[in-house]
Amino acid sequence: MTQHILQASEELRGQRFIISGGGIGGAAGALALSLRGADVTLYERAPEFKEVGAGLQIGPHGVRMLEKWGLRDKVFEAGYLPERMQFRDAITTEPILTMDFDEDFQRHYGGRYLVIHRSDLLSILVEAAQKAGATLHNGVQVLGADTHADGVTVQIEHRADGTREDVEADILVAFDGIHSVFRGEIVRDEPVPSAYVAYRGTSELPGDPDMSGLKDVIGYIGPRCHFIQYPLRHGELLNQVAVFQSPRYLKALTEGTEVPDDWGNNEEFRTAFDHTHEFIQGRLGSMWLDTWWQMSDREPLDNWVVSDRIILMGDAAHPPLQYLASGAVMAMEDAECLALYASQAAAKGELDWPSVLAEVSGERAPRCARIQITGRFWGELWHVDGVSRLIRNETFRQAGRTSWYRYADWLWGYDAERREYLRDPAKGELPEELQEWEYQIHKIIARREGEAAPEELTI
Ligand SMILES: Cc1cc2nc3c(=O)[nH]c(=O)nc-3n(C[C@H](O)[C@H](O)[C@H](O)COP(=O)(O)OP(=O)(O)OC[C@H]3O[C@@H](n4cnc5c(N)ncnc54)[C@H](O)[C@@H]3O)c2cc1C
């Protein structure tokens, strides 16, 4: 199925947007709004547009949007189109679920499954946003904003010389990440650490004797850890991610002592995969050791509207755990949803910002809450031990033998145009199909043993 490409339009001509943050979300926002004719200025505090880390998986829910924005050729050229995703047991390496990204998949979801280097995707979005007319600044930090009857006054600081300035806009979109300046105006909350830490690494793929012929996304899932591999840049690079539960984090938490800052450090990494198959242990030598990512999310919010003129988006609104590989895609969905609903209202002559922001938040908050909640469950499922692991493996095998689409449709089949969460906000919970799995894997065992088995504890 070919996705229709959005023709540049003028519905938002004259509307001034400021976007705070130039990650994938902010850059996508600048593009989606500029394509509707808006006057967009983006401020990124870092001196350049840069993504830390390596690969990103972009499911068909993200690829359809990239195609809609006219970026199909560019992202396909820069990235890699895996043939399938396969989950394997991390102790035995036995495949337990294979999801083919074949023609039937493409027909079903109307898009491909893409893996791409983060910095490649960001560069493509930044360049496209500039081409569509947006103005993007580096080295400018957004300090705060005041809403007034006709718009918003945004305080910025030029980091090179510390000078400050007030700038006017109709709308401020806060795409400023998990430590957002504006989130605190809705809720006083903190990131929720998961006790899991990620190590990443890229290496040359073609000369790697163990990995020749890799065309897939492979996920080895095992007790308290997992290990992901996939090709990047036409198969020139191998992307690997090794994630494990930090024993020191857990110990501090259970004993009520102070959590050490460097939980998940190299010392822990060295033994974290000792219980997994020797193939995985043999792959860990190419992981970067100088940086590791302590993984956290935040509790879902049911409202993202800060004021009549300010809205949170991307990780600022809904930082997820990474298990459903949808954080960046959600940020792009937010961008497209805002641009779409605003331009539809403007086309009808009904552009009233408080109503548009409420509509966007009403659709997006339950959708993203569902992804955040399901992401936590999906991670738990990957990391179970003992009998739970055996049941999980059999559950995955069964899903593979029948049609697994029914477990993924809610995630990969989404289109903001349908306003499905506005019509039914109660969808914002664990999907029904996965509730069955939760029952089989956690509740049956818990009931059998009288209480939750310790190995199920993932925090
Ligand atoms: C290990 C791991 C694997 C992941 N894998 C995937 C995956 O496969 N697929 C997927 O879709 N997602 C994945 N994600 C999630 C994804 O990376 C994020 O959800 C996404 O990048 C968030 O984008 P964002 O633009 O909202 O926020 P960010 O990327 O955090 O960008 C925020 C930007 O705002 C800037 N900023 C902050 N404050 C200010 C300020 N006051 N003024 C100006 N600028 C400011 C920051 O410098 C930053 O550039 C993964 C995450 C992790 C940790």
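**View 1. Helix α9 gives the largest share of the shell around the ligand, four residues.** This is a predicted model, where local features need pLDDT of at least 70 and side-chain atom pairs count only at pLDDT 80 or more, while totals for chains, interfaces and linings use all residues. Residues are numbered from 1 along each chain as its sequence is written. Of the 30 residues around the ligand, G21, G23, G177, G314 and G327 come nearest (a residue is near if its C-beta atom, placed from the backbone, lies within 6 Å). The elements giving two or more residues to this shell are α1 (24–34), β2 (39–44), β3 (55–58), β8 (140–148) and α9 (327–347); helices are DSSP runs of H or I with at least four residues, strands are E runs with at least two, and both are numbered from the N terminus. By type, the shell splits into 13 nonpolar, 13 polar and four charged residues, with Gly counted among the polar ones.

**View 2. Here's α1, with eleven of its eleven residues buried.** Buried means 20 or more other C-beta atoms within 10 Å of a residue's own, with C-beta atoms placed from the backbone. The buried residues of α1 pack against β1 (16–20), β2, α5 (118–131), β7 (135–138), β11 (171–174) and α9; contact means C-beta atoms, placed from the backbone, within 7 Å.

**View 3. The largest nonpolar core has 132 residues.** Such a core is a set of buried Ala, Val, Leu, Ile, Met, Phe, Trp, Tyr and Cys residues joined through C-beta atoms within 7 Å. L31, L125 and M313 have the most contacts inside it, and α9 supplies the largest share, 13 residues. Leaving out residues up to four places away in sequence, L125 touches I24, A27, A28 and L31.

**View 4. Three strands make an open antiparallel sheet, in the order β8-β9-β10.** Strands pair if DSSP finds at least two bridges between them. β8 and β10 (164–169) sit at the edges with a single partner strand each, so one side of each has no neighbour in the sheet. Neighbouring strands are turned by 25° against each other on average, direction ignored. β8 and β9 (residues 151–158) pair over eight bridges, and T147 stands opposite V152 in β9.

**View 5. A mixed open sheet runs β5-β4-β13-β14-β15-β12-β16.** Its edge strands are β5 (95–100) and β16 (293–297). Helix α10 (residues 353–383) lies across β13 (217–222), β14, β15 and β16, at about 105° to β14; angles run from 0 to 180 degrees between N-to-C directions of axes fitted to C-alpha atoms, for helices over the stretch in contact.

Definitions and conventions. Buried ≥ 20, exposed ≤ 12 C-beta atoms within 10 Å, placed from the backbone. Contact = placed C-beta atoms within 7 Å.
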